[in-house]
Amino acid sequence: MNATTHSAPKQNASKPIKGQTYTTDFFDLDEDWTEEQRAAIDQVRRFVDNEILPTINEDHNVEKLPDDIMAKIGQLGILEMLADGTLDPITYGLICREFERGSSALRSIVSVQGSLVIGCIRDNGSDEQKERWLKPLGSMEAVGCFGLTEPDFGSNPSGMVTRAEKTDKGYVLNGAKCWITSGTLAHVAIIWAKLDGVVKAFLVPTDTPGFDSAAIKGKWSFRTSDTGQLFLADVEVPESALMPGAKSLGRAMATLNNARYGIVWGVAGAARGCFEECLDYLQNRVQFDNRPLTCHQLIQNKFAWMAAEITSMELIAKRLGELKLDGRLKPHQVSLAKMNNCRKAIEIARTCRELMGANGIHSEYHIGRRLVDLETVLTYEGTEHIHSLILGQAITGIPAYS
Ligand SMILES: Cc1cc2nc3c(=O)[nH]c(=O)nc-3n(C[C@H](O)[C@H](O)[C@H](O)COP(=O)(O)OP(=O)(O)OC[C@H]3O[C@@H](n4cnc5c(N)ncnc54)[C@H](O)[C@@H]3O)c2cc1C
């Protein structure tokens, strides 16, 4: 049944109306970007508008990835730039913002392939591993995944039970990983495992005997993303599978911080998408006195609050990018930003959902999907609690995890 009872617009196509200073960029940040950065924004924005938004809610409803999504992302050339190290952090952040304006699950494919896999290999891999994997991962001919979380160890990965044992020929891996993005599609997996009690990373082709995966079905969030379990039963890998730079859990955390940086930008895009769709809808939705719903003070108050929050989220993201560019970015700064921006994005999505009334719960609009996808973003790559504990330790000097 089609739930729509009126003709309010369904796509993100906001244009200023007379007397409206319409923007989700209240501080004119977009004027600061270089020509190249603007070109990257336009490229991803067009991709999202043409290739993603028209069909993603249907994909979400039947729990499937958008058709040929890996190849299409590969063709954008963005991951190739990450693989050869020519994409600056601010441009990468803006790209994440634009992807997530369309879909958090889509941005997550880019973050996992880009930050967690390509980034991890660039920072920790041997020359041989870089030579073998960076090019196909950059073009998306090969898909990668990052296996840290386990069924019994999520927030506390140091408790992981996956083990590596030294053999004459290399290593043998045993264990299981859970909630792994692109887990069933991946050609290569970064597997974090304890070797003599110390966490290390191994680069494991997924066709290695003993390696298996299974899709986690029945998610009501990230339904357009592949999430898998990984099983390792006596997986024999050569000596060269060990990633030489990944000497401890700290390297996994450093890799995650790069991905969290993309999330900080990404969720600002999700918030923009919610704001734009909701504003379009309410500008065209008439209830009392033949005037749009946006004429009411209660509603304008909510848009004013959201505009202020989106502006602060983007200022935080931009400052983080500047610190990263300077090589001065600290983990607790990333935690502050991830915690703040994810919480704000989900509050904005919820507010927009409410403002759109009954149609706000229907998949003819994007708002409900954006809201449920943000639930995953709030949890993965460190939950809100964990980031507040990292921040709490930085503020007080006292670790309060246990
Ligand atoms: C769709 C999706 C994709 C994912 N992709 C990946 C991936 O590609 N690779 C990967 O390795 N992982 C991935 N994850 C896993 C994700 O990182 C974990 O779910 C996350 O770290 C939380 O772990 P958990 O789910 O086990 O929750 P738990 O650790 O069981 O936490 C449950 C609750 O307890 C709270 N909590 C835990 N410890 C404390 C404490 N000390 N003090 C206060 N509160 C605490 C948490 O904040 C949370 O609210 C993904 C998850 C999802 C949902």
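The bend at a residue is the angle between two fitted axes, one through the seven residues ending there and one through the seven starting there. Everything here is a predicted model, so local features need pLDDT of at least 70, side-chain atom pairs count only at pLDDT 80 or more, and totals for chains, interfaces and linings use all residues. Residues are numbered from 1 along each chain as its sequence is written.

**View 1. Helix α6 has a bend at S111.** The helix covers residues 104–124 and bends by about 35° at S111. Helices (H or I, at least four residues) and strands (E, at least two) are DSSP runs, numbered from the N terminus. Of the 21 residues of α6, 19 are buried. Buried means 20 or more other C-beta atoms within 10 Å of the residue's own, with C-beta atoms placed from the backbone.

**View 2. Around the ligand sit 20 residues.** L148, G154, S155, T383 and H385 come nearest; a residue is near if its C-beta atom, placed from the backbone, lies within 6 Å. Elements giving two or more residues to this shell are β1 (144–147), β3 (170–181), α11 (367–379) and α12 (384–396). The largest share, three residues, comes from β3. By type, the shell has nine nonpolar, ten polar and one charged. Here Ala, Val, Leu, Ile, Met, Phe, Trp, Tyr, Cys and Pro count as nonpolar, Asp, Glu, Lys and Arg as charged, and the others, Gly among them, as polar.

**View 3. Domain 2 touches domain 3.** The chain splits into domain 1 (29–139), domain 2 (144–247) and domain 3 (250–396), with bounds from an automatic or database domain assignment. Twelve residues of domain 2 are in contact with eight of domain 3, contact being C-beta atoms, placed from the backbone, within 7 Å. On the domain 2 side, that makes eight nonpolar, three polar and one charged. The centres of these two domains, taken over C-alpha atoms, are 31 Å apart.

**View 4. Strand β7 pairs with β3 and with β6.** Pairing takes at least two DSSP bridges between two strands. Nine bridges link β3 to β7 (residues 227–238), and the two run antiparallel. L173 sits opposite V235 in β7. On β6 (residues 211–215), five bridges join the strand to β7, again antiparallel. S213 has L230 in β7 as its bridge partner.

**View 5. K318 lies in helix α9.** That helix covers residues 297–325. K318 counts as buried because 20 other C-beta atoms lie within 10 Å. H296 is 22 residues from K318 in sequence and 33 Å away in space, C-alpha to C-alpha.

Terms used
Buried ≥ 20, exposed ≤ 12 C-beta atoms within 10 Å, placed from the backbone. Contact = placed C-beta atoms within 7 Å.
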